[in-house]
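Subject: the structure we talked about

Hi,

Here is the structure I promised to pass on. Have a look at it first, and then read my notes below.

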Amino acid sequence: VGAKVVFCIRIRDSVGLSGRVRRILNEKLRLKNAYEGVFLAYTPETRKLLQLVEPWVLYGGAPSKATIADLLARRGHGLDKTAKRRRIPLTDNTLIEGANLSPKLICMEDLVEELSQGYESDVFEKASKFLAPFRLTCPTTRFEQQKLNENSSTRIYGDVGQEMETYIRTML
């Protein structure tokens with residue numbers, strides 16, 4: 001992948017998963033349900049985890065800033081700091097500022113910049129942990145279902161590189 005930041009989408013349910021793969025998807029990658037997506041720092045550790053769960057996920061380089069801004073505006077939720085970790089919609093900048101992620105992250109534009117570039121690893125980690133996994137829509141057309149279906153000979157999974165942006169756009 002050659003990028004500092006990747007976007008990862010879980011595309012299959014947990015039928016037939018081993019315990020190890022289920023733990024990686026649920027706990028380490030925070031992808032509990034099908035068609036949920038998260039931003040990840042692309043480190044050697046993350047690369048190994050993604051290789052282990054490759055048949056169940058799509059991942060690729062971070063999308064453009066416009067796509068990230070659209071994703072945050074339509075599907076963006078932050079996690080509450082209480083024990084229940086409720087999903088709170090990102091409706092205004094006060095939620096981002098109130099999360100105390102970093103003195104540099106005070107508005108939606110700063111969050112978009114950080115997610116697209118991943119400049120400082122600890123700031124990026126705080127920002128990605130603050131964001132709840134994005135709940136994307138599943139493919140609805142027969143062609144889209146066939147492309148992502150595990151029984152199909154043209155199945156798509158794993159590293160899709162720069163095509164990730166088109167997949168995000170179709171699932172928004």
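Predicted model: local features only at pLDDT ≥ 70, side-chain atom pairs only at ≥ 80, totals over all residues.

Phe-134 has another ring to pair with: Phe-39. Here the centres are 5.9 Å apart and the planes make 85°, an edge-to-face pair. Phe-39 comes from strand 2 (residues 36-41) and Phe-134 from strand 6, so this pair links parts 95 residues apart in sequence. Both Phe-39 and Phe-134 are buried.

A handy bit of background: strands of a sheet pair through backbone hydrogen bonds, and they can run parallel or antiparallel. In this model, 5 strands make an open sheet in the order 6-2-1-3-7, and the pairing is mixed. Which strands stand at the edges? They are strand 6 and strand 7 (158-159); each has a single partner strand, so one side of each has no neighbour in the sheet.

With strand 2, strand 1 pairs in the antiparallel sense over 5 bridges, and Val-6 has Leu-40 as its bridge partner in strand 2. With strand 3 (residues 57-61), strand 1 also pairs in the antiparallel sense, over 5 bridges, and there the partner of Ile-9 is Leu-58. Helix 2 (residues 44-52) packs on the sheet and touches strand 1, strand 2 and strand 3. The direction of helix 2 makes about 145° with that of strand 2.

What about the side chains? In a regular strand they alternate between the two faces of the sheet. In strand 1, Val-5, Phe-7 and Ile-9 point one way, Val-6, Cys-8 and Arg-10 point the other way, and all are buried. With 6 of its 6 residues buried, strand 1 is therefore largely enclosed by the rest of the structure.

In helix 8 (residues 164-171), the residues Met-164, Tyr-167, Ile-168 and Met-171 are buried. Looking down the axis of helix 8, you'd find its buried residues within an arc of 100°, so they line one face of the helix.

The other place is His-77, which is in strand 4 (residues 77-79). What does the side chain of His-77 reach at 3.3 Å? That would be the backbone oxygen of Arg-75. Leaving aside residues up to four places away in sequence, His-77 touches Arg-87, Ile-88, Pro-89, Leu-90, Phe-130, Leu-131 and Ala-132.

Happy clicking!

Terms used
Residues numbered from 1 in each chain as written. Heavy atoms only, no water. Phe/Tyr/Trp six-rings, centres within 6.5 Å; stacked < 30°, edge-to-face > 60°. Helix = DSSP H or I, 4+ residues; strand = E, 2+ residues; numbered from the N terminus. Buried < 20%, exposed > 50% of the residue type's maximum accessible area, 1.4 Å probe, protein only. Pairing = 2+ DSSP bridges. Contact = heavy atoms within 4.5 Å. Axes fitted to C-alpha atoms, helices over the stretch in contact; angles between N-to-C directions. Arc of directions from axis to C-beta. Polar contact = N/O pair within 3.5 Å; in protein donor to acceptor, adjacent residues only side chain to side chain.
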